[in-house]
Amino acid sequence: GKGTGLGLASVFGIVQQHKGWVEVDSVQDEGTTFKVMIPAANDIAPEAPRVNEPSVARANGETILLVEDETSLLTLNKTVLEDFGYRVLEASTGVAAREMWDQHKTDIDLLLTDVVMPGGMNGCELAKGILAERPDLPVVFVSGYNKDVPDGSLKIEYGFNFLAKPFRPNELLKTVDQRLAAS
């Protein structure tokens, strides 16, 4: 029932990326109203052409360490990956993921981690620690924020090892498949 408190921060970050702002009005015993203000576009965006997504080869039981602090996303992504044939080890914080890594490091084929997480270790710090032990491990970063890494030492490329939230299940599968194939 309780969230991490990062939902509003995610909304605020996304709105700021689009040169907007959030107005909040709170009245005791009446509630709170949030207004999201985003500048209007001058042109109407053309409708994206509908194309069939390229198929992704089914997994061969590879093990993925999935790190996501939002329970609903953790459950959804785990289900998508397992339904496709991956074995998934899950963690909701960087610290818990590090413990999972220490227990199963020889079995893990890919790290799939949220970038921004509570609990003292973000996804970039987690990845750097794991990559120090196993530099060839494929990593996929996920974030609702822009793709900038806090310290810039990890190379993040959209469509290769970065997924922007929200994403479709097929995008998740395609990115994971491509990272595993490239390793």
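I take helices (H or I, at least four residues) and strands (E, at least two) as DSSP runs, numbered from the N terminus. By that count I find 5 helices and 7 strands in the protein, and along the sequence they follow the pattern α-β-β-β-α-β-α-β-α-β-β-α.

I note that the model is predicted, with pLDDT of at least 70 needed for local features and 80 or more for side-chain atom pairs, while totals for chains, interfaces and linings use all residues. Residues are numbered from 1 along each chain as its sequence is written, and side-chain values use heavy atoms, without hydrogens and water.

I looked up burial next. Of the 183 residues, 33% count as buried, that is, under 20% relative accessible area with a 1.4 Å probe, protein chains only.

I then turned to strand S3 (residues 63-67). 5 of its 5 residues are buried, so S3 is largely enclosed by the rest of the structure. Thr63, Leu65 and Val67 cover one side, and Ile64 and Leu66 the other. In a regular strand the side chains alternate between the two faces of the sheet. S3 runs parallel to strand S4 (residues 87-91), joined by 5 bridges. I found valine 67 opposite alanine 91 of S4.

My last entry is a helix pair. H3 (residues 94-104) and H4 (residues 123-133) pack at about 15°, axes 10 Å apart. H3 is therefore roughly parallel to H4 (angles under 35 degrees). The contact (heavy atoms within 4.5 Å) involves Gly94, Ala97, Arg98, Trp101 and Asp102 of H3 and Leu126, Gly129, Ile130 and Glu133 of H4.

Technical notes
Axes fitted to C-alpha atoms, helices over the stretch in contact; angles between N-to-C directions. Parallel < 35°, antiparallel > 145°, perpendicular 65-115°, else oblique. Buried < 20%, exposed > 50% of the residue type's maximum accessible area, 1.4 Å probe, protein only. Pairing = 2+ DSSP bridges.
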